[in-house]
Amino acid sequence: MSKPSRRRASLLALIPLALFVALAVLFYARLGAGDPSEVPSALIGKPVPDFHLEGVAGLTRDGAPVPGLSAADLAQGVSVVNVFASWCAPCRAEHPLLADLAKDQRIRLYGLNYKDGDDQALRFLNGLGNPYAAIGADRNGRVGIDWGVYGVPETFVVAGGRIAAKLVGPLTPERISGELMPAIDKAVAAQAAL
């Protein structure tokens with residue numbers, strides 16, 4: 001083989017190596033980019049899925065049953081829907097923050113009890129308190145699928161029957177002040193402008 005042919009063969013052999021290095025650099029750069037808890041939702045700006053869920057059996061407030069939850073409950077004003085379960089440790093940790101959030105007169109706080117038995121949900125809510133105006137018992141997880149839920153906890157801001165924001169993972173004071181409250185403020189302002 002002549003010298004120019006060997007040189008050409010050597011250069012051709014370097015092309016796969018160069019492509020590999022370029023891809024490795026690209027993957028490494030993307031590895032640290034973005035927040036893994038920020039999962040985009042295809043439902044942002046869309047109407048809430050049509051649903052109707054019974055309440056948690058046996059759950060009462062002031063002697064009356066706590067109502068279930070439906071799409072009609074979310075049609076007016078600004079609501080926050082928190083997806084929780086008794087078996088979810090982060091749900092237990094965020095619960096006191098939800099009790100504080102429920103005091104905000106601009107919103108209604110609703111719960112969606114996800115893939116949970118009524119007895120377990122009752123123990124959870126009776127032990128920690130019930131900050132929710134209504135709770136839908138999504139016993140088989142079907143409504144959660146329609147909402148795009150893939151884990152708990154998740155929290156949605158709904159304005160006028162449309163999903164305005166979605167937060168994946170547990171709420172913390174920092175997430176409430178940095179993500180949830182700005183989404184609520186924006187939704188409240190948009191509803192006031194109507």
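I began with Arg106, which is partly exposed at a relative accessible area of 37% (buried means under 20% relative accessible area, exposed over 50%, and partly exposed in between, with a 1.4 Å probe and protein chains only). The model is a predicted one, in which local features need pLDDT of at least 70 and side-chain atom pairs count only at pLDDT 80 or more, whereas totals for chains, interfaces and linings use all residues. Residues are numbered from 1 along each chain as its sequence is written, and side-chain values use heavy atoms, with hydrogens and water left out.

**Arg106 and its partners**

I looked up what the side chain of Arg106 meets, and found a salt bridge to Asp185 at 2.8 Å, N to O (a salt bridge being a side-chain nitrogen of Lys or Arg within 4 Å of a carboxyl oxygen of Asp or Glu). Arg106 lies in the loop between H2 and E6 and Asp185 in helix H5, residues 173-193, so the pair ties together parts that are 79 residues apart in sequence. I took helices (H or I, at least four residues) and strands (E, at least two) as DSSP runs, numbered from the N terminus. Asp185 is partly exposed, with 38% relative accessibility.

Asp104 is also placed in the loop between H2 and E6, and I noted that Asp104 is buried, with a relative accessible area of 17%. The side chains of Asp104 and Arg106 are joined by a polar contact of 3.0 Å (a pair of N or O atoms within 3.5 Å; within protein, one must be able to donate a hydrogen and the other to accept it, and residues adjacent in sequence count only if both atoms are side-chain atoms).

**Other salt bridges**

I counted eight salt bridges by this rule. In one of them Glu54 pairs with Arg139, the closest N and O atoms being 3.4 Å apart. This pair links distant parts of the chain, 85 residues apart, with Glu54 in the loop between strand E1 (52-53) and strand E2 (60-61) and Arg139 in the loop between E7 and helix H4 (142-147). Glu54 is exposed, with a relative accessible area of 53%, while Arg139 is partly exposed at 37%. I also saw that Glu54, Asp118 and Arg139 are linked in a network of salt bridges.

Lys166 and Glu154 meet through their side chains in another salt bridge, at 3.5 Å, N to O. Lys166 lies in strand E9 (residues 162-168) and Glu154 in strand E8 (residues 154-159), so this pair ties together parts that are twelve residues apart in sequence. Lys166 counts as buried at 16% relative accessibility, and Glu154 counts as buried at 1%.

**Helix H3**

After H3 comes Gly129, whose phi is positive, near 100°.

Val78 is in strand E5 and is buried, with a relative accessible area of 8%. Its C-alpha atom is separated by 6.4 Å from that of Gly160, 82 residues apart along the chain. Leaving aside neighbours within four places in sequence, I found Val78 in contact (heavy atoms within 4.5 Å) with residues including Arg106, Ile107, Val158, Ala187 and Gln191.

The largest nonpolar core has 50 residues, and those with the most contacts inside it are Leu74 and Trp147 (such a core is a set of buried Ala, Val, Leu, Ile, Met, Phe, Trp, Tyr and Cys residues joined through side-chain atoms within 4.5 Å). Not counting residues up to four places away in sequence, Leu74 touches, among others, Val48, Phe51, Val81, Tyr110 and Trp147.

**The disulfide**

I found one disulfide by the rule used here (a pair of cysteine sulfur atoms within 2.5 Å). It joins Cys88 to Cys91, S to S 2.4 Å, and the link is right-handed, with 85° about the S-S bond. Both Cys88 and Cys91 are buried.
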